[in-house]
Amino acid sequence: MKEGKKTPVSVQVVDANGKVVSLKDYAGKTVILYFYPKDDTPGCTLEALAFEEYLPKFKKLGVVVVGVSKDSCASHQKFAKKYKLSFALWSDPEQKLIDAFGVWQKKKFMGREYMGIVRSTYVIDAKGMVIKAYESVSAKGHAEEVYAFILSLSKDSKGTKGKKS
C-alpha cells in the first residue's frame with residue numbers, strides 16, 4: 001500500500017478476543033497499523049514492546065496502535081499477556097488485510113526463500129488515507145521513528161512547522 005492511497009476500511013478480521021474489527025472502526029482517528037510476522041519471536045517482541053513503550057505518547061496525540069499478523073486469537077492473547085501489551089492485536093489468518101496492504105511477499109532467510117509477512121507499518125489519517133508507509137522495516141528503533149513522524153504531524157497542524165521548540 002502506497003502513501004496517498006485509501007485504505008481498505010471494510011476488510012474485516014478479528015481482534016485477540018475474536019471480535020470482528022476493521023479500519024472502519026477507527027474512522028476519524030489517526031491509526032498506526034503495523035504488520036509483523038509472528039507473535040513472541042525476538043524481532044516481533046522487540047517491536048511490540050517499543051510500540052507499548054510509546055503508547056502513552058501516541059494516545060496523548062489521539063493516535064491508535066494496531067498490530068496485525070496471521071497468528072490466532074489465542075496466540076495474540078498469550079503474547080499480549082506475557083508482555084503486558086495494551087494495544088489491539090488483530091488476527092488475519094486468511095490474509096485479507098495482509099493481502100490488501102501487499103505485505104505478504106517473498107522473503108529470504110539463511111539462503112531459503114519463502115512467503116511471509118514483510119514487517120511494515122502504515123500511518124493512516126482520520127479519512128482513511130495512508131499518509132506514511134514504512135516497508136521492510138527493522139524492529140529496532142522503529143516505534144521511535146514512527147513517533148517522530150506523528151509528532152511532526154502534530155506540530156504541523158499547530159502551525160509550528162519549522163519553528164524550534
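Analyst: Two strands count as paired if DSSP finds at least two bridges between them. The model is predicted. In it, T121 stands opposite Y134 in strand 9.

User: How many bridges join strand 8 to strand 9, and in which direction do the strands run?
Analyst: Strand 8 covers residues 120-124. Pairing needs at least two bridges. Strand 8 and strand 9 run antiparallel, and the bridges between them number five.

User: Which residue in the turn of the hairpin of strand 8 and strand 9 has a positive phi?
Analyst: Five residues lie between the two strands of this hairpin. Phi is about 85° at the residue in question, G128.

User: What is the strand order of the open sheet, and which are its edge strands?
Analyst: Seven strands form the sheet, with mixed pairing. The order is 2-1-5-4-3-8-9. An edge strand pairs on one side only, and that holds for strand 2 (20-21) and strand 9 (130-135).

User: Which residue in strand 5 does V68 stand opposite?
Analyst: Strand 4 (residues 63-69) and strand 5 (residues 88-91) run parallel. Four bridges join them. The residue opposite V68 is W90.

User: Which strands does helix 2 lie across, and at what angle does it run to strand 5?
Analyst: Helix 2 spans residues 73-83. It lies across strand 1 (13-15), strand 4 and strand 5. Its angle to strand 5 is about 155°.

User: Is T45 buried or exposed?
Analyst: T45 sits in helix 1 (residues 42-60). Leaving out residues up to four places away in sequence, it touches D40, F79 and Y83. Buried means under 20% relative accessible area. T45 has 7%, so it is buried.

User: Where does helix 1 bend, and by how much?
Analyst: Helix 1 has 19 residues and reaches 28 Å from its first C-alpha to its last, close to the 27 Å expected. A proline, P56, follows the bend within four residues. The bend is at Y54, by about 50°.

User: Which residue with a positive phi follows helix 1?
Analyst: The buried residues of helix 1 include F51, Y54, L55 and F58. After the helix comes a residue with phi near 80°, G62.

User: Which element gives the most to the largest nonpolar core?
Analyst: This core has 25 residues, and those touching the most other members are I32, F51, F58, V65, F87, V146 and I150. Strand 3 (30-35), helix 1, strand 4, helix 2 and helix 4 (142-157) each give two or more residues. With seven residues, the one that gives the most is helix 1.

User: Which residues does F87 touch, not counting those up to four places away in sequence?
Analyst: Contact means heavy atoms within 4.5 Å. By that cut-off F87 touches Y34, A48, F51, E52, L55, V65 and G67.

User: How many residues are in the second, separate core?
Analyst: Its members include Y26, I98, V103 and I124. The second core has 22 residues.

User: Is Q95 buried or exposed?
Analyst: Q95 lies in the loop between strand 5 and helix 3 (96-100). Its phi is positive, about 60°, although it is not a glycine. The cut-off for buried is under 20%. At 13% relative accessible area, Q95 is therefore buried.

User: And S136: buried or exposed?
Analyst: S136 is in the loop between strand 9 and helix 4. Its phi is also positive, near 55°, and it is a residue other than glycine. Exposed means over 50%. S136 has 55% relative accessibility, so it counts as exposed.

Definitions and conventions
Residues numbered from 1 in each chain as written. Predicted model: local features only at pLDDT ≥ 70, side-chain atom pairs only at ≥ 80, totals over all residues. Heavy atoms only, no water. Axes fitted to C-alpha atoms, helices over the stretch in contact; angles between N-to-C directions. Buried < 20%, exposed > 50% of the residue type's maximum accessible area, 1.4 Å probe, protein only. Expected span 1.5 Å × (residues − 1). Bend = angle between axes of the 7 residues up to and from the residue. Core = buried A, V, L, I, M, F, W, Y, C linked by side-chain atoms within 4.5 Å.
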